[in-house]
Amino acid sequence: EGGGVEYTFYAPRVFNGNLRYDYVAECASEPPSSFFSTPVPTATPTLTTTVSYTFYVEHSPDKLKGAVTYDMEFGVRAVLDDFLGGTEDILMRHAKRDGLVIERVVANMVSPTEIGYLCYPTPPDTCTPISVDVTATHLATATTDEITFALLRQSTHLPSLIDVDGYTIEYVGDRAVETNTGITISGVPDREMMGDELTFFEDVAREFLDKVAKSQENDSLQILGVKVNGQEITTGGAYAIDEADGLSATLPSMQKRNNAGRRLKKKSNNIKVSVKGKYRPPPEMNFGEHVESSINRDRELLQKELKDRKELAVGAGPGNGTHGTYFDEAEVVGARQIKEEG
């Protein structure tokens, strides 16, 4: 009945061999493609800056010391919050651009010896020396010295801005100072400083001034920054020192000693710089005159620093083969305070 068709059936095959498994720690593979991946942004480091405001606070004798420190904390914090909110232009810019935030404001009583003189209140009031320590955080896009200067810039105005009742407040702490100074350097190439040369000059000038500008009368001065604001290449020196009478001259005396060939090759760079610092009186200080006289007194030392450390300027310049040679034949002619007109 099968119609003459034959079927053949096969039994399932049986595997009679052995399997061997080897462990491999890592399998070689191609690295994943980054074509569609998003790079992880690099976080900007955060810095911490601490500034102290010092006051003599005159108040009634029945006022508790704890109440005095609390009121000063509250008063200073309120003023700083207003500054960062827009009433002080530099601090407001730091808040927006550099993420400046006031983290802590803590007031403590200090000794009058830390201030340097005594307070004599109007009887029957008493006088308490108070230090208000302010801790701020900010991005590394601003240095701690820049933030220190910004926080101290309005320090002398704090007593009139602190809104607390029952006190007569005198500010007796560190204050910010700033001056514009012209420095003439002769024997330089016929071009302005560029790139790393600018940074190098600013760093050397700052360290130089921080070392020589401290006076015997007041050693609290600290230079917080030197910034080049302008350059002018000339055949003479705009901020030279007349060696005969010590007054500013239009041409440096050293230029007269140069031979004609060198004058054709080398120029003078009249550099305008902003110098920022802080100090604590007494005594009071004319910062502009002090910076000018410090440079003129020790200009040979500044010249030596520029030449001896010129290797730090390697990589500077416009890329024409003069890298690191800008100060090779430099001579510091002199400095002069640039006073604002009017």
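Trainee: Which strand gives the most to the lining of the largest pocket?

Mentor: β6, with five residues. Strands here are DSSP runs of E, at least two residues, numbered from the N terminus. This is a predicted model: local features need pLDDT of at least 70, side-chain atom pairs count only at pLDDT 80 or more, and totals for chains, interfaces and linings use all residues. Residues are numbered from 1 along each chain as its sequence is written, and side-chain values use heavy atoms, with hydrogens and water left out.

Trainee: What makes a residue part of a lining?

Mentor: An atom within 4 Å of a pocket point. The largest pocket has 22 such residues, and Glu146, Gly225, Val226, Lys227 and Lys276 are the closest to its centre.

Trainee: How do the lining residues divide into nonpolar, polar and charged?

Mentor: Five are nonpolar, six polar and eleven charged. Asp, Glu, Lys and Arg count as charged; Ala, Val, Leu, Ile, Met, Phe, Trp, Tyr, Cys and Pro as nonpolar; the others, Gly among them, as polar.

Trainee: Why is alanine 136 called buried?

Mentor: Buried means under 20% relative accessible area, with a 1.4 Å probe and protein chains only. Alanine 136 has 0%, so the word applies. Alanine 136 sits in strand β3, residues 126-139.

Trainee: How do you know that alanine 136 is in contact with Leu47?

Mentor: Contact means heavy atoms within 4.5 Å. Leaving aside neighbours within four places in sequence, the contacts of alanine 136 include Leu47, Thr48, Leu100 and Ile102.

Trainee: How much of the chain counts as buried?

Mentor: 42% of the 342 residues.

How values were computed. 1 Å grid on protein atoms, 1.4 Å probe; cavity = no way out; pocket = protein on both sides within 12 Å on 5 of 7 lines; lining within 4 Å. Helix = DSSP H or I, 4+ residues; strand = E, 2+ residues; numbered from the N terminus. Buried < 20%, exposed > 50% of the residue type's maximum accessible area, 1.4 Å probe, protein only.
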